[in-house]
Amino acid sequence: GFSRTYTTRPDGGTYGGMLPLYPPGGWPVQHFAGLQVSADSRVNLGFFNGDHGRAVTSRVTLYDAEGRKVAERTLTLASLASRQRELLRFFDLDALPEGTYGLTVLPLDDPETGDQGRSWAYVSVVDNRTHDPVNLW
């Protein structure tokens, strides 16, 4: 379950948030849909490793509205580390066509211990006019 609020301000700006129920120990995979890339907004990706004992490596994949893979990279975070990057910088892209995108964060299982990877990722879509975010967990 989750709660999502999205509001348009009187000046035309937007703000909102989504508050999910996190499972104990993070998610085995996370999907983020409806990420709008345009001159009106920017997208930030955030990652946290809530595992107290080990680094977690995740495969992060960006898809266009047709489901085609646009970009992919892996990210390893040490125990309790965090990182936030703007979408283009994270994938080392110069630009993306305006449109709607989806993102998958797949934490990889540890091949040595067999421990299942877990994810605590989030996405912020920020209104460029007002700098108000819509946060997706």
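This report describes strands, a cavity and aromatic pairs in one protein structure. The structure is a predicted model, and every value below was computed from it.

Strand β9, which spans residues 122-127, is mostly covered, with six of its six residues buried. Tyr122, Ser124 and Val126 point one way from β9, while Val123, Val125 and Asp127 point the other way, and all of these residues are buried. In a regular strand, side chains alternate between the two faces of the sheet.

One partner of β9 is strand β4, made of residues 41-48, and the two run antiparallel, joined by six bridges. Within this pairing, Ser41 has Asp127 of β9 as its bridge partner. Strand β9 also pairs with strand β10, residues 133-136, in the antiparallel sense and over four bridges. Here Val123 has Leu136 of β10 as its bridge partner. Strands β9 and β10 form a hairpin with five residues between them, and in its turn His131 has a positive phi of about 65°.

**The four-stranded open sheet**

Four strands form an open sheet in the order β3-β8-β5-β6, and the pairing is antiparallel. Because β3 (30-37) and β6 (69-77) stand at the edges, each with a single partner strand, one side of each is left without a neighbour in the sheet. From one strand to the next, the twist averages 20°. Thr61 stands opposite Glu72 in β6.

The bridge counts given above can be set side by side.

| Strand pair | Sense and bridges |
|---|---|
| β4 and β9 | antiparallel, six bridges |
| β9 and β10 | antiparallel, four bridges |

**The cavity**

Rolling a probe the size of a water molecule over the atoms shows where empty space is left. A search of the whole structure finds one cavity of 30 Å³ or more, and the largest cavity has a volume of about 100 Å³. The residues that line the largest cavity are Phe47, Phe48, Asn49, Val56, Ser58, Leu75, Leu77, Arg118, Ser119, Trp120 and Ala121. Strands β4, β5 and β6 each supply at least two residues of this lining. Sorted by class, the lining of the largest cavity has seven nonpolar, three polar and one charged residues.

**Aromatic pairs**

The count of aromatic pairs comes to three. Phe48 and Trp120 form an edge-to-face pair, with 6.3 Å centre to centre and 75° between the planes. Phe48 lies in strand β4 and Trp120 in the loop between β8 (99-107) and β9, so the pair ties together parts that are 72 residues apart in sequence. Phe48 counts as partly exposed because its relative accessibility is 35%, whereas Trp120, with a relative accessible area of 16%, is buried. Phe48 and Trp120 are both among the residues that line the largest cavity.

Phe90 and Phe91 also form an edge-to-face aromatic pair, with 4.9 Å centre to centre and 90° between the planes, and both residues are buried. Which residues do ring pairs link into a cluster? The cluster consists of Phe47, Phe90 and Phe91, and Phe47 is also one of the residues lining the largest cavity.

Technical notes. Residues are numbered from 1 along each chain as its sequence is written. This is a predicted model: local features need pLDDT of at least 70, side-chain atom pairs count only at pLDDT 80 or more; totals for chains, interfaces and linings use all residues. Side-chain values use heavy atoms; hydrogens and water are left out. Buried means under 20% relative accessible area, exposed over 50%, partly exposed in between (1.4 Å probe, protein chains only). Two strands pair if DSSP finds at least two bridges between them. Axes are lines fitted to C-alpha atoms, for helices over the stretch in contact, and angles run from 0 to 180 degrees between N-to-C directions. On a 1 Å grid over the protein atoms alone, a cavity is a set of points where a 1.4 Å probe fits but cannot get out, and a pocket is an open set with protein on both sides within 12 Å along at least five of seven lines; lining residues have an atom within 4 Å of a point. Grid points are joined across faces, edges and corners, and a volume is the space filled by probe spheres set on the points. Ala, Val, Leu, Ile, Met, Phe, Trp, Tyr, Cys and Pro count as nonpolar, Asp, Glu, Lys and Arg as charged, and the others, Gly among them, as polar. Rings of Phe, Tyr and Trp (its six-membered ring) pair if their centres lie within 6.5 Å; planes under 30 degrees apart count as stacked, over 60 as edge-to-face and the rest as tilted.
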